[in-house]
Amino acid sequence: MRRDDRDEPFDDLFREIERMMNEMMNGADANVDFNSSGVDNGFGMDTHVDIHETDEEIRVVADLPGVEKENIELECDGKTLTISASSDHREYDERVSLPQRVNEHTASATYNNGVLEVVFDLAEQSSGISLE
């Protein structure tokens, strides 16, 4: 029986991963200045933000790896959540547009093992104005 590429379908994938890892490790610079303009500030490849919406609330979940709880600041104007955070190596500053208007005064936030979760109640719908 002749061996061909179908016998090892993941060989190319593993070779590519190994090539990229070697390239990354061999090109690493121990004297990287994380505050230089060449480094991407803000949410990067290692950060993920999810928004979950129900009939009663909006839940924002953000990964903030390496950030201490004391270094996180949250602001909301009812339509946008601003997350500012810093670690020894990164500065995060992200504006998250919320799918609906929320009541920012009822917000609650938790941070555990690098995962930030902010929960908002939906804002009351506008009431009609009677014209006299």
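Met-21 is partly exposed at 42% relative accessibility, where partly exposed denotes the range between buried (under 20% relative accessible area) and exposed (over 50%), with a 1.4 Å probe and protein chains only. The residue belongs to helix H1, which spans residues 11-26; helices (H or I, at least four residues) and strands (E, at least two) are DSSP runs numbered from the N terminus. The model is predicted, so that local features need pLDDT of at least 70 and side-chain atom pairs count only at pLDDT 80 or more, while totals for chains, interfaces and linings use all residues. Residues are numbered from 1 along each chain as its sequence is written, and side-chain values use heavy atoms, with hydrogens and water left out.

Met-21 contributes to a nonpolar surface patch of about 840 Å², together with Phe-10, Leu-13, Phe-14, Ile-17, Met-20, Met-24 and Met-25. Patches comprise residues with over 30% relative accessible area and no salt bridge, like charges being joined within 9 Å and nonpolar side chains (Val, Leu, Ile, Met, Phe, Trp, Tyr) within 5 Å.

An open sheet is formed by four strands in the order E1-E2-E7-E6, with antiparallel pairing. Strand E1 (49-53) and strand E6 (102-112) are the edge strands, each pairing on one side only. On average, neighbouring strands of this sheet are turned by 15 degrees against each other, direction ignored; axes are lines fitted to C-alpha atoms, for helices over the stretch in contact, and angles run from 0 to 180 degrees between N-to-C directions. Strands E2 and E7 run antiparallel and are joined by seven bridges, pairing being assigned if DSSP finds at least two bridges between two strands. Val-61 stands opposite Glu-117 in E7.

Two salt bridges were found in a search of the whole structure, a salt bridge being a side-chain nitrogen of Lys or Arg within 4 Å of a carboxyl oxygen of Asp or Glu. In one, the closest N and O atoms of Arg-59 and Glu-57 are 2.6 Å apart. In the other, the side chains of Arg-59 and Glu-117 meet at 2.2 Å, N to O. Because Arg-59 lies in strand E2 (residues 57-63) and Glu-117 in strand E7 (residues 115-122), this pair ties together parts that are 58 residues apart in sequence. Arg-59 is partly exposed at 27% relative accessibility, as are Glu-57 at 21% and Glu-117 at 24%.

Notes: Accessible areas come from the Shrake-Rupley method with a 1.4 Å probe; for residues, only the protein chains shown count as cover.
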